[in-house]
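Look at the ligand site first, then at the fold around it.

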Amino acid sequence: MKLAIVIFRNNLRVEDNPSLYYASKSNDRVLGLYSFEILQGHLFGFKKCGKFREAFVKSSLEQLYKDLKAYGINLCFTNDFSNTLAKLSDKFDISVYFDEEVGSEEEHLQRVFAKYKHKSYFNQTMIEPFEFDFTKSFSHFRNKAEKLEIPKPLGLPNKVKTVEFESEQFSKAMISYPNDAIFFEAGEHRAKQRLEDYMNNIHSYKDTRNAMSGFDNSTKFSPYLSAGNISARMIYHRLKEEERRGYQSQSSYWIYFELLWRDFFHLVMLYSKNRLFLKSGLKGKNFNFRNDKESLDKFFSANTGIDIIDASIIELKSSGWLSNRNRQLVASYFVKNLGLDWRVCAAFFESYLVDYNPASNYGNFAYQAHVGNDKTYRVFDPIKQSHTYGGDNYIKTWLDRRSSSFIDYHKMSQEVKKEVFNEA
Ligand SMILES: Cc1cc2nc3c(=O)[nH]c(=O)nc-3n(C[C@H](O)[C@H](O)[C@H](O)COP(=O)(O)OP(=O)(O)OC[C@H]3O[C@@H](n4cnc5c(N)ncnc54)[C@H](O)[C@@H]3O)c2cc1C
């Protein structure tokens with residue numbers, strides 16, 4: 001019997017899901033398959049997928065399971081794609097449909113899927129992949145990318161038949177969040193709801209996006225995009241529709257602009273063949289990053305003595321969330337003030353962030369560590385930034401103490417610039 005297997009990884013949705021869409025259009029029988037192996041593993045002592053993302057993914061899966069049923073499709077769970085595909089191919093004449101993702105482990109799995117008759121699709125970005133110099137800056141990419149048409153999202157799959165097959169049970173961890181935590185309800189329905197809700201805020205986005213606290217100051221699309229509860233194209237076309245209905249502003253344009261950063265890092269990772277995971281990054285530069293255990297311990301236990309940094313670490317560890325501004329400050333402090341190996345902090349973010357994805361995380365980190373697509377050596381002043389972007393209230397929310405000792409972070413950053421980065 002012929003059977004199409006649709007692989008689910010970070011494409012946990014029904015709409016605009018190419019592998020599901022095309023499998024259901026050209027096959028009578030379809031089975032969905034998800035493997036928990038993609039949540040496993042450790043890096044620099046951190047669990048690759050911490051409890052916040054795990055909970056988000058598992059909630060998304062519960063919803064997807066029900067939604068696929070409405071199209072007649074069973075979703076099976078395994079801990080080993082390779083083994084389960086082998087068993088399925090013993091029983092059925094299978095063709096495997098999968099979405100292509102970027103990242104070394106992601107690509108490794110793709111080679112497992114490609115051992116079978118298969119069809120694969122790239123739907124990670126708004127724009128279709130195109131040739132550009134991936135070592136150059138975002139502006140170089142943007143000048144070309146902005147001229148490209150963004151394909152319309154695919155619709156919904158067809159109703160089909162399915163088969164019964166063995167499936168693992170899974171349980172969800174119960175997590176308690178602090179009162180002020182930003183908390184996300186997962187799944188495709190919530191993602192679409194968030195998109196609709198945010199249409200009321202598109203004309204104020206640019207003024208509020210840098211705030212350190214608050215829910216509606218920025219779109220909060222990232223967890224939904226990273227798990228694939230929604231596609232970037234669905235967001236783009238809904239945004240355009242809203243602009244046509246009302247008007248386009250600098251602010252509404254800026255949402256597209258930020259989504260383009262996401263596209264940029266995904267395509268840089270795709271073309272650079274995973275150089276973004278290397279200590280020497282895209283630039284292939286061997287800087288003398290420090291390996292100072294005391295600094296690392298103080299940093300990860302939120303005891304750096306810089307309140308805005310310590311508050312950010314506490315927020316991340318207790319909620320899985322950090323605003324873009326706070327991510328920039330924390331990453332910059334770790335690399336440019338403490339002079340530590342950027343990949344360790346990237347692994348920390350990977351573990352805790354509810355919206356982690358390889359391209360956005362490693363692309364941004366390499367950028368901060370001066371081994372990515374950055375043009376000039378830049379250090380953030382955490383105190384100045386904190387005053388500008390509402391850090392005083394933010395610190396009160398997350399830190400129940402204030403540091404008393406003076407830390408000369410300017411001196412620290414000058415020393416790191418010279419010693420670690422060999423810059424005058
Ligand atoms: C060190 C560091 C690590 C990061 N790690 C991740 C990560 O693992 N996953 C992740 O999704 N984002 C990451 N980002 C990017 C950015 O911080 C988040 O996408 C953003 O804060 C999410 O909030 P939002 O959805 O409200 O963003 P908005 O400001 O509303 O932006 C809209 C969308 O644009 C995209 N976007 C915005 N800024 C960036 C950016 N700098 N790089 C790439 N895409 C962007 C996101 O998809 C976001 O949802 C990281 C940034 C830094 C500095």
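## Ligand shell

Four helices each supply at least two residues of the shell around the ligand: α8 (222–227), α10 (250–271), α13 (324–337) and α15 (358–368). Helices here are DSSP runs (H or I, at least four residues), numbered from the N terminus, as are strands (E, at least two). The largest share, six residues, comes from α10.

The shell has 29 residues, and Ser218, Thr219, Asn324, Asn361 and Asn364 come nearest to the ligand. By class, eleven shell residues are nonpolar, twelve polar and six charged. Ala, Val, Leu, Ile, Met, Phe, Trp, Tyr, Cys and Pro count as nonpolar; Asp, Glu, Lys and Arg as charged; the others, Gly among them, as polar.

## Domains

The ligand lies between domain 2 (188–271) and domain 3 (293–419), because both give residues to its shell. The domain bounds come from an automatic or database assignment.

## Model and fold

This is a predicted model: local features need pLDDT of at least 70, side-chain atom pairs count only at pLDDT 80 or more, and totals for chains, interfaces and linings use all residues. Residues are numbered from 1 along each chain as its sequence is written.

The chain has 18 helices and seven strands. Its C-alpha atoms fill a box of roughly 70 × 50 × 45 Å along the principal axes. Of its 424 residues, 44% count as buried (20 or more other C-beta atoms within 10 Å of the residue's own, with C-beta atoms placed from the backbone).

Conventions. Buried ≥ 20, exposed ≤ 12 C-beta atoms within 10 Å, placed from the backbone. Near = placed C-beta within 6 Å.
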